[in-house]
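Hi everyone, thanks for making the time today. Let me put the structure up so that we can look at it together.

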Amino acid sequence: MTRRQIEDHLQELGDLYAETSGGGPWAWNQARGAFLRRLAADVRRPGFELLIAESTALTGCAYGFPVRGDGPWWEGFDGYLPGRLLRLAASGRLFVISGIHVPSRVRRQNQDRAWNLARRLQKRLLTDHGAAVAVTLVNRSDHRTVEALRSWGWRYIEGDTPRTAPLGPFRVLVLEN
């Protein structure tokens, strides 16, 4: 989607996020607002791309941006990335996936299948950008998201296991293309 198309669909994207992020309706407005602020910041990044899946309504989305070896990155990555990923960034082959939002059944069913909606969206982002590896940050306490990402092929970065994870508020996961 173009930036203009994203602006035109902010209401729907916010609703999708609220519906797929868990929690009850009481938490939706606050979570929805925070999501839309993060999305507005990400949209301004060079190379930003947002893919949607829809049937009669919006059913899923994934978005992110390529990372270069120079300039500011995504807040929170400082000190987390091993040299191999820094070299991929310098060559333009590292892609940040900021979010994948799909219905809860996609998180629970057929996670390991190539046709799983989340797997298809993340694969398409990487392929479109010629990226070798995707990277994402997940709040350390968000076990549900880490579990879903790991079921879709993501893994912890080198040296990061549940026992040896670097200190900080985030877990870093990577996905090979």
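Predicted model: local features only at pLDDT ≥ 70, side-chain atom pairs only at ≥ 80, totals over all residues.

Let's begin with strand E6, residues 170-176. Five of its seven residues are buried, so E6 is largely enclosed by the rest of the structure. Which strands pair with E6? One of them is E4, which runs antiparallel to E6 and is joined to it by seven bridges. If you'd like a pair to find on screen, look for Asn139, which stands opposite Phe170 in E6. Strand E5, residues 155-156, also runs antiparallel to E6, with two bridges between them. There, Arg155 has Val174 of E6 as its bridge partner.

Now let's stay with E4 for a moment. This strand covers residues 133-139, and Thr136 lies in it. Is Thr136 buried or exposed? Its relative accessibility is 5%, and because buried means under 20%, Thr136 counts as buried. Its side chain has a polar atom 2.7 Å from the backbone oxygen of Ile97.

My second residue is Ser91. You'll find Ser91 in the loop between helix H4, residues 83-90, and strand E3, residues 94-101. With a relative accessible area of 46%, Ser91 is partly exposed. What does its side chain reach? That would be the backbone oxygen of Leu88, at 2.9 Å. And have a look at Arg68 too: Ser91 and Arg68 are 23 residues apart in sequence, while their C-alpha atoms are 7.3 Å apart in space.

That's my tour, and I'm happy to go back to any part of it.

Terms used
Residues numbered from 1 in each chain as written. Heavy atoms only, no water. Helix = DSSP H or I, 4+ residues; strand = E, 2+ residues; numbered from the N terminus. Buried < 20%, exposed > 50% of the residue type's maximum accessible area, 1.4 Å probe, protein only. Polar contact = N/O pair within 3.5 Å; in protein donor to acceptor, adjacent residues only side chain to side chain. Pairing = 2+ DSSP bridges.
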